[in-house]
Amino acid sequence: MTADPRTADRRAAVPLDPSLAPPGTRGFRDAGGIPADRWHADQNGETLVPTHCCFCGVQCGMYLRVDKGGKVFGVEPRNHDINRMRLCPKGINAYQQVNHPDRLTAPLMRRSRDEELREVSWDEALDFTVSEIRRIQQAYGNDAFGLLGGASLYSEKTYLVGKFARVALRTRHVDYNGRLCMVSAAGANKLAFGIDRAGNPFSDILLTDCLLIAGSNVGECFPVMTQYVWGARDRGASLIVIDPRETAIARTADIHVALRPGTDSAFFNSVLNVVIAEGLTDEAYLAAHATGWDEVRAKAAEYPPSRAADICGVPAEQIVQVARTFARAPKAMAWHARGIEHHSQGVENCLTVINLCTATGHIGKPGAGYGTITGQGNGQGGREHGQKSDLLPGGRSILNEEHRRQICEIWGIEESELPTAGTSMMEMVWQMQRREIRGLIGICNNPFVSLPHYAVVKDGYDTAEFHAQFDFFLSETAANAHVVFPVTVWAEDEGVMANAEARVVKHNKAQDPPPGVRTDTWVICELARRLGAGDKFAFADSRAVFDELRAASAGTVNDYYGITYERLEETGGIAWPCPTTDHPGTPRLFEDGKTYHPDGRIHMQAVEWHPPMDPYDDEHPMSLTTGRTVAHFLSGNQTRRLGALVEQTPRPWAEVHPSHGFRNGEPVRVVTRRGSAVFPALVTEAIRPDTVFVPYHWPVPTAANALTIDALDPRSKIPEYKVCACRIEHAEKIDEVPAPPVAPGHVAYPETQVSRTDPLPPSAPQGRGTSERS
């Protein structure tokens, strides 16, 4: 890239108040910056490969820039109708992981954790893995070996994960890291609607008169989705945000409800109480399209605003205001994310939002409906085709005899050979601690950072006799494994993902993988061949897997049969169900008033609020809640290696209210019943005084998930990340952020190390009223 000489006179240094510059950016900003549109490319022979971002569930369209040597070297936004030329900081930097110096390019292995990992041949790594699988299963049974997949894998690969577990490993123990993300929403959707997906496309937000967003920091976690919010606002739509923190999106809302963490169902029950009391329900809609209304109405009567105000820590008048604004709108929509789902009553929280939409008749119409915002790129598609412990392809239940028969026929196995349902991701860790699961393969996950209660997770993995991990960088979890298989990044293979709208989109291959690297598909199929099941895994490429996936989903609620690679290239994406190749897809559900239950009705569910699982006391009087930042993604295994993102947010912080007496950057120790960690304070009025927020993308000793509780929702088995009891206290020294692990013989990429040791927190997209640094 070459600077336009016309801008040379604009390069004079402009000194900035350091309290206003995020850490790591002061040098750049003080030197003066040249606007991005004043640069031009001088690359000849460039090819633009259309694809989608690898990160969140929005799935923005992009072009990867490929040089004449076939290497990805840049990115440009694509005028796809999802994102309309917009990309967020993660999307802009995603391409840098493709040819990153930290990439794994050879299998790593050790026979004991007393040894160091070393590079080995593919044959040695595969043979050792297969021998350990056989040893463990022969000694302890098939279910002594488990498999954990990931929701950032292409759907073809998630299909293979489920099939490999049941057909090659013949184990019931398979689950995936979407268990930490979307399963509460999935459980609620299935209970209420008989289908697990958002009811409306993003474009319907532009048509609504009232938009309610619960538990979603859209501006940082799904930045490009904000275009739909602003579009609705431009039309005059009201915006209601439910969040303990005054996030960027909450600051723009007509109503921001800063409720106490863990009280969502009490709040929504009370909103419904007001809707009923003021005669704002749609009784005709309820009579024609719902069941369970009498029970829901009776339960809502127990939550008058006065009671809910005490539980939630918000004014009763605000509850009334939310009810009137939402119910009186001609068209209203509700979207939610992890903020109400990461709870021990996550399913029930989601059900109370569904009850509100149903009671007001805001379902199944342009601009009126209900949706869940997917966290991972394939958070929707990743749970549809068999890697979830209780599901088979097409969203079939593994406990349903007819569903089992159908899949066994497609897979060419006897029904007696198909295992039954397994356990959830966190439960599998507990089983490793108890030596019920003695061996594990992990694919596209990093539990050492992403699972709660790190001490338990580390103990479970250390207790396992054998552990193999697929990854393209050496994650904290992979660094603890016996075998690490180096696999492709998203730009080195093709496949499909389903975004938060349930729109299936096509990712295209932009470059060949480095020598020594294989696709996840190849590794899974090769392991299956060596285990004696190669005839069931004779897939040459992703297209062959997708064709079997389509057939396996045919006739189900999650019907992909009519979706082909060619149609996806032509259309830019198709929302399932799509039963035939001339079907347009189903972007909006329930337009005919019918759900996917046999009776066609919405099954409303009465919900009783209960307190969080981690009780408050004099030692732990506050709530710790966790979440994401705009610069990083999930466990940070990818984004903590990209210099611009590390520079933007080099470390975690503890967001605290000014009433606690901290100044910005001072060490604050956050203590829970699991342990403690010391972070720099980010002091802001944008958080409740009884609440502390810590982002979770970093490992120990700066890991938020070393502190969170491993309590689970009894139905979805999702961990209660969003609330646990804590206290804060002054400390002497901030805990140091460790560098990401690298393969043996490699050194940490220097660009990602520059800002890690900056002790100050970001100066804040986080909130108004941020106090100045001392």
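User: Taking buried to mean under 20% relative accessible area, exposed over 50% and partly exposed in between, with a 1.4 Å probe and protein chains only, what share of the 774 residues in the chain is buried?

Analyst: This is a predicted model, in which local features need pLDDT of at least 70 and side-chain atom pairs count only at pLDDT 80 or more, while totals for chains, interfaces and linings use all residues. Residues are numbered from 1 along each chain as its sequence is written, and side-chain values use heavy atoms, with hydrogens and water left out. Over the 774 residues of the chain, the buried share is 64%.

User: What is the radius of gyration of the chain?

Analyst: The chain has 23 helices and 30 strands, taken as DSSP runs numbered from the N terminus (helices H or I, at least four residues; strands E, at least two). For 774 residues the globule rule gives 28 Å, and the chain comes close to that, so it is as compact as a globular protein of that length. Taken over C-alpha atoms, with the rule being 2.2 Å times the number of residues to the power 0.38, the radius of gyration is 25 Å.

User: Which residue of strand 15 is the bridge partner of His336?

Analyst: Two strands pair if DSSP finds at least two bridges between them. Strand 14 (residues 332–336) and strand 15 pair in the parallel sense over 4 bridges. Within strand 15, the partner of His336 is Thr372.

User: Against which elements do the buried residues of helix 7 pack?

Analyst: In helix 7 (residues 226–234), Thr226, Gln227, Tyr228, Val229, Gly231 and Ala232 are buried, and the helix is followed by Gly236, whose phi is positive, near 100 degrees. With contact meaning heavy atoms within 4.5 Å, the buried residues pack against strand 10 (210–214), helix 6 (218–221), strand 11 (238–242) and helix 8 (248–251).
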